[in-house]
Amino acid sequence: MNKKNIFRMMAVAAFAGIAVMSCDNSAPKMDSKADTKAAPSELKIAYVEVDSIMTQYKFCKEYSEILQKKGQNIQNTLASKQQQLQAAGVNFQQKLQQNAYTREQAEAIQAGLQKQAADLDALNTRLSNEFQVETNKFNDALRDSIQHFLVKYNKDKKYSIILSKAGDNLLYADKAYDITDAVIAGLNKAYKSSPATKAAAKEEKKK
C-alpha cells in the first residue's frame, strides 16, 4: 500500500468543491417567469492553503496520525505474512529437491502454499478496503467541518467565493486574499477531540 502523499491527496479531495457564496441564506423567491438570482455587485474572493490546514488543523493532525499508524500496521501485517509464505516456499523447494516428500505429500504441501497465497491476497484486499473506508470517513468529516465553519465565518466576511489552494492548482493568488491563518484559528477554536477519535488513537498506539 503506497501512502506517499496520501494525506495531502485526502485534503485535496476533501476540499474539492468547497466554495462559499456570499448571498441571502433564505429560500430563493420564485415567480411564474423565471427562477433567477442577481449576481453580487462586487466579487469578493479569498483562498485557503490546503497544506497548512493539514499540518495545523488539530482534527487533521489527530486523524492523520491514526491513519498513518493504521496504514503502518497493515503494511507490517502483510509483510510478515509474505515473509512467512516465502520462507515456507523456499523450505518446500529445498526438501523437494532432496526427495523428502512423496508425490502425494508434495502435491498437498504445494496446494497448501497456494491457498496461503490466495488467503494473503484476500487479506490484502480486505485490509486495503477497510483503510479506504476509514480514509473516506476522514475526508467526509474534514469537508463537513470546514464547510460548516466557513458558512458561519462568511456571515460577517461576505466573500463571494472561498477557494482552496493546493500546490499549483491556482496559477497565481495574491497573499492579500489568503485567509488561511484565520480559518485555521477558527477551526481549532471550535474543534474538540471526540471520544471516538481519542479511543481510536489509543487503540492504534497499542498495536
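Entry 1. I looked up Tyr57 and Tyr191 in this predicted model and found that both are buried. I then examined their rings: the centres lie 6.0 Å apart and the planes stand at 75°, so I recorded the pair as edge-to-face. I noted that this pair links distant parts of the chain, 134 residues apart. Tyr57 is in the loop between helix 2 and helix 3, and Tyr191 is in the loop between helix 5 and helix 6 (195-206).

Entry 2. Phe92 and Tyr101 form a stacked pair, with 5.8 Å from centre to centre and 25° between the planes.

Entry 3. I turned to the largest nonpolar core, which has 32 residues. Ile53, Tyr57, Phe138, Leu142, Ile179 and Val183 are those with the most contacts inside it. Which elements give two or more residues to this core? I noted strand 1 (45-49), helix 2 (50-56), helix 3 (58-97), helix 4 (103-157) and helix 5 (180-190). Helix 4 supplies the largest share, 12 residues.

Entry 4. I followed Val183 and left aside residues up to four places away in sequence; Val183 touches Val48, Ile53, Phe149 and Leu150.

Entry 5. Lastly, I looked up Lys44, which lies over the face of Tyr159 at 4.8 Å from the ring centre.

How values were computed. Residues are numbered from 1 along each chain as its sequence is written. This is a predicted model: local features need pLDDT of at least 70, side-chain atom pairs count only at pLDDT 80 or more; totals for chains, interfaces and linings use all residues. Side-chain values use heavy atoms; hydrogens and water are left out. A nonpolar core is a set of buried Ala, Val, Leu, Ile, Met, Phe, Trp, Tyr and Cys residues joined through side-chain atoms within 4.5 Å. Buried means under 20% relative accessible area, exposed over 50%, partly exposed in between (1.4 Å probe, protein chains only). Helices (H or I, at least four residues) and strands (E, at least two) are DSSP runs, numbered from the N terminus. Contact means heavy atoms within 4.5 Å. Rings of Phe, Tyr and Trp (its six-membered ring) pair if their centres lie within 6.5 Å; planes under 30 degrees apart count as stacked, over 60 as edge-to-face and the rest as tilted. A charge sits over a ring if NZ of Lys or CZ of Arg is within 6 Å of the ring centre and within 35 degrees of the ring normal.
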